[in-house]
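Could you walk me through this model in my viewer, one selection at a time? I would like to know what to click on next and what I will find there.

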Amino acid sequence: VMTAAMYYTRNDARTLFHAVFFMPFLFGIFRLGTRDLLVVALIAAGCYGAMIPMLSVFRPQELDLPTELLRWGVMSTMLIWFAFMGGYISRLRKHLADNQAGLEHALSTIRDMAVRDELTGMHNRRFLMDALDQQHARSARTGESFCVALIDIDHFKRVNDTLGHAGGDAVLRDFSAKAAEGVRAIDFFGRY
């Protein structure tokens with residue numbers, strides 16, 4: 001479309017259309033890689049280059065051949081440069097997005113580590129104390145009651161003495177998994 005518009009424009013006004021050829025690159029940086037931008041550049045340069053012989057045949061009075069070839073050469077060079085720079089910027093954006101995703105995953109892991117017990121995978125004491133404070137504040141605000149239940153595994157020292165600490169850890173993990181299955185979604189369960 002731009003090439004057709006340039007074809008029917010006077011020689012001295014044709015330069016005004018050159019800036020429009022760069023518009024796809026401004027938007028292409030967000031989606032296209034270097035190869036795709038190069039294809040766009042070559043299509044644009046090819047269309048403009050094909051217009052010059054057509055002008056020389058069908059509208060020779062509107063053609064200053066040396067000037068038009070210079071314009072075509074400069075525009076083609078700039079389009080190819082824009083394609084490489086756009087591809088570079090696109091790669092930077094992708095790299096930043098990948099880094100951000102990695103950082104978000106790491107932050108999620110850190111947050112999880114801050115509120116989870118390493119052995120059982122259940123909520124830890126810090127999380128339970130915060131949850132208790134929040135429930136207490138909600139209860140004071142709304143007048144609703146809440147319940148706290150503490151469970152102690154009797155004679156757990158004997159489990160450790162008999163099975164060793166690895167066996168005791170296995171018992172704690174199994175107990176925590178079974179207890180967590182019986183807890184409602186709105187309740188909190190963890191290792192105090």
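Here is a short tour with stops at a pocket, a nonpolar core and some salt bridges. Keep in mind as you go that this is a predicted model.

**Stop 1: the largest pocket**

Start by selecting Leu128, Ala149, Leu150, Phe188 and Gly190, which are the closest to the centre of the largest pocket among the 30 residues that line it. The volume of this pocket is about 1,000 Å³. Now colour helix H5 (125-142) and helix H6 (156-181), the elements that each give two or more residues to the lining. H5 gives the most, with six residues. If you colour the lining by class, you will find 21 nonpolar, four polar and five charged residues.

**Stop 2: the largest nonpolar core**

Next, select Phe21, Phe25, Met51, Met75 and Leu79. Of the 16 residues in the largest nonpolar core, these touch the most other members.

Leaving aside residues up to four places away in sequence, Leu79 touches Phe21, Phe22, Phe25, Ala41, Ala44 and Ala45. As background, nonpolar side chains tend to be buried together in soluble globular proteins.

**Stop 3: the salt bridges**

The whole structure holds eight salt bridges. Select Arg191 and Asp117, whose side chains meet in one of them, at 3.3 Å from N to O. This pair links distant parts of the chain, with Arg191 in the segment after H6 and Asp117 in the loop between H4 and H5, 74 residues apart. Is Asp117 buried or exposed? Asp117 counts as buried because its relative accessible area is 15%, under the 20% cut-off. Arg191, at 35%, is partly exposed.

Move on to Lys157 and Asp161, which form a salt bridge with their closest N and O atoms 3.0 Å apart. Both lie in helix H6, four residues apart, about one turn of the helix. Both Lys157 and Asp161 are exposed.

Then pick Arg184 and Asp187, where the side chains meet in a salt bridge at 2.8 Å, N to O. Arg184 is exposed, with a relative accessible area of 53%, whereas Asp187 is partly exposed, at 31%.

Definitions and conventions:
Residues are numbered from 1 along each chain as its sequence is written. This is a predicted model: local features need pLDDT of at least 70, side-chain atom pairs count only at pLDDT 80 or more; totals for chains, interfaces and linings use all residues. Side-chain values use heavy atoms; hydrogens and water are left out. On a 1 Å grid over the protein atoms alone, a cavity is a set of points where a 1.4 Å probe fits but cannot get out, and a pocket is an open set with protein on both sides within 12 Å along at least five of seven lines; lining residues have an atom within 4 Å of a point. Grid points are joined across faces, edges and corners, and a volume is the space filled by probe spheres set on the points. Ala, Val, Leu, Ile, Met, Phe, Trp, Tyr, Cys and Pro count as nonpolar, Asp, Glu, Lys and Arg as charged, and the others, Gly among them, as polar. A nonpolar core is a set of buried Ala, Val, Leu, Ile, Met, Phe, Trp, Tyr and Cys residues joined through side-chain atoms within 4.5 Å. Buried means under 20% relative accessible area, exposed over 50%, partly exposed in between (1.4 Å probe, protein chains only). Contact means heavy atoms within 4.5 Å. A salt bridge is a side-chain nitrogen of Lys or Arg within 4 Å of a carboxyl oxygen of Asp or Glu.
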